[in-house]
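Visitor: I would like to look closely at a single part of this model and then see how the rest is arranged around it. Could you take me through it slowly?

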Amino acid sequence: MRRVKRILPRRRRYSALAVLRHGLAGNRAWPAVWREPEPKPAYDVVIIGGGGHGLSTAFYLALNHGITDVAVIEKGYLGGGNVGRNTTIVRSNYMMDGNTQFYEHSLKLWESLSHQLNYNVMLSQRGHVALAHSPDQLDVYARRANIMRLNGIDAELLDRDEIAKLIPHVDHSENARFPVYGAIMQPRAGTARHDAVAWGFARAADALGVDIIQNCEVTDFLWAGERIAGVRTTRGDIAAGRTGLSVAGSTTLLADKAGLRLPIETHVLQAFVTEGVKPLLDHVLIYGMDHFYMSQSDKGGMVFGGYLDGYNSYAQRGNLPVMRDVAEAAIAALPAVSRLRLLRQWGGLMDQTPDGSPFITRTPIDGLYLNAGWNYGGFKAVPAAGWCFAHTIANDAPHPLNAAFTLDRFAEGRQIDEFGVGPYTFRQ
Amino acid sequence: MLQIPCPFCGPRDHAEFAYGGDAGVTRPAMDCDDLDAWVDYVFIRDNPRGPHREFWHHVHGCREWLVVERDTASHAILGAHRARERRARERGPA
């Protein structure tokens with residue numbers, strides 16, 4: 001465990017002793033988790049978007065760079081966007097240079113995050129197992145595992161017997177439509193409590209002096225000549241030395257107002273959770289013959305995710321064909337779930353890019369910085385995206401970890417093409 | 001389920017179709033040597049919140065490529081016609 005700098009004053013820190021002390025006092029004296037300040041007329045840095053990424057950016061601006069005159073401006077309420085709409089999976093099993101190192105940095109930050117924030121984000125490193133259904137698929141996984149290990153990331157290959165021992169409910173019979181040949185496993189990967197991540201970052205950033213302003217929509221930018229000098233909001237104009245855009249799903253709507261054309265299209269991705277059952281699956285399980293991932297939440301619900309719905313959409317709701325595909329894949333992978341009922345289903349908006357990789361970068365417009373294009377991968381990236389975006393804003397230059405996540409990589413032929421399916425946003 | 005009014009087959013579930021993306025882009029002339037125009041054509045899309053013209057391929061039907069106008073916020077379908085009609089219109093009278 002890395003040692004972390006303590007952020008909160010002793011009397012505000014959460015601990016077993018605090019639970020006891022407040023419990024004896026009838027739980028009436030707990031301090032507010034964060035303030036609800038009125039927006040000031042000007043800040044050094046304004047971050048648009050109070051999701052996981054925006055809050056994490058504000059936190060690391062204050063912690064790593066000493067910039068505390070920061071406002072995070074959120075249109076809705078904290079945790080109402082994608083940070084509360086994902087399948088909570090955290091991993092770093094990426095193969096392309098740029099992504100590999102970035103996501104591993106993120107996983108390392110996750111590992112000390114609860115201590116760093118003094119907020120339990122319930123990181124559960126339960127292991128991430130992706131099934132292979134043919135010898136060729138296992139060869140591809142072996143290549144991925146080798147690249148990960150060369151980068152110092154944990155990766156193991158499993159054969160069918162090992163999978164049967166690890167996850168006995170997987171259909172590993174010879175008679176399966178797509179028999180299981182093996183799997184790639186990242187033992188340090190797992191899940192985290194998504195709401196706690198938003199709340200934990202918000203509380204820690206607030207304690208360091210960041211103003212978190214909810215229910216405040218940015219409607220336009222303020223300009224000083226060719227430079228962006230702040231934002232126009234539903235609660236008045238706010239001047240800013242530097243403005244960071246961190247609004248995945250709605251990036252284009254704001255970038256359009258800045259006159260910035262981006263290689264991003266907005267798509268909807270669904271997630272599903274079943275009724276709660278007793279412990280059934282203690283890993284994150286990926287089915288190899290479809291795009292399907294599942295884990296079991298701490299409440300016992302089975303959490304499912306699959307492909308994008310596949311057409312441009314700003315509606316935060318999904319459609320039935322994907323639900324059917326997800327249900328089919330779930331039953332093929334883990335037949336025991338066939339009689340569970342889906343309890344809830346929801347959709348979140350994805351910034352899809354032509355190579356499936358994100359942007360953390362300066363923009364051609366002075367004063368405006370961009371964190372966007374997270375495709376499916378935004379949640380696991382929350383700590384490192386904030387960490388790198390804060391560095392980029394504070395230094396007006398990227399950190400080596402996000403130096404590849406630029407806008408001009410398409411013109412220069414440096415795409416980070418993790419999937420190799422061509423420049424189609426809806427197939428990433 | 002979206003229902004796409006195929007001009008040949010009538011209203012059909014969108015599960016019969018394959019999505020083909022933004023129909024608003026036009027390929028530069030083959031001898032165009034402006035790199036920005038090619039980057040725009042391959043990578044940059046409008047991504048509106050509202051009416052969007054997009055290609056759908058009726059793969060499990062008549063196999064015709066269609067241009068469908070659809071609202072990306074409400075998913076309402078505003079119209080559909082053959083993609084080749086657009087080509088003919090753009091080319092103008094012979």
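Visitor: In which sense do strand β1 and strand β11 of chain A pair, and over how many bridges?

Guide: Please keep in mind that this is a predicted model. Strand β1(A), residues 42-48, and strand β11(A), residues 236-245, pair in the parallel sense, and six bridges link them.

Stepping back to the whole chain, the domain assignment divides chain A into domain 1, made of 34-120 + 193-263 + 355-427, and domain 2, made of 128-188 + 265-352. The centres of these two domains, taken over C-alpha atoms, are 27 Å apart, and 25 residues of domain 1 of chain A are in contact with 28 residues of domain 2 of chain A. On the domain 1 side of this contact, the elements that give two or more residues are α3(A), residues 99-111, and α8(A), residues 251-257, with the largest share, four residues, coming from α3(A). Sorted by class, that side has eight nonpolar, 14 polar and three charged residues.

There is also an open sheet of eight strands in chain A, with mixed pairing, in the order β5-β6-β4-β13-β14-β15-β12-β16. Its edge strands, each of which pairs on one side only, are β5(A), residues 156-159, and β16(A), residues 342-352, and the twist from one strand to the next averages 25°. Within the sheet, β4(A), residues 128-132, and β6(A), residues 182-186, pair in the antiparallel sense over five bridges, and A132(A) stands opposite G182(A) of β6(A). Helix α9(A), residues 320-333, packs on this sheet, where it touches β4, β12, β13, β14, β15 and β16 of chain A, and the direction of the helix makes about 140° with that of β15(A).

How values were computed:
Residues are numbered from 1 along each chain as its sequence is written. Chains are lettered from A and ligands numbered from 1 in the order in which they are written. This is a predicted model: local features need pLDDT of at least 70, side-chain atom pairs count only at pLDDT 80 or more; totals for chains, interfaces and linings use all residues. Two strands pair if DSSP finds at least two bridges between them. Domain bounds come from an automatic or database domain assignment. Two residues are in contact if their C-beta atoms, placed from the backbone, lie within 7 Å. Ala, Val, Leu, Ile, Met, Phe, Trp, Tyr, Cys and Pro count as nonpolar, Asp, Glu, Lys and Arg as charged, and the others, Gly among them, as polar. Axes are lines fitted to C-alpha atoms, for helices over the stretch in contact, and angles run from 0 to 180 degrees between N-to-C directions.
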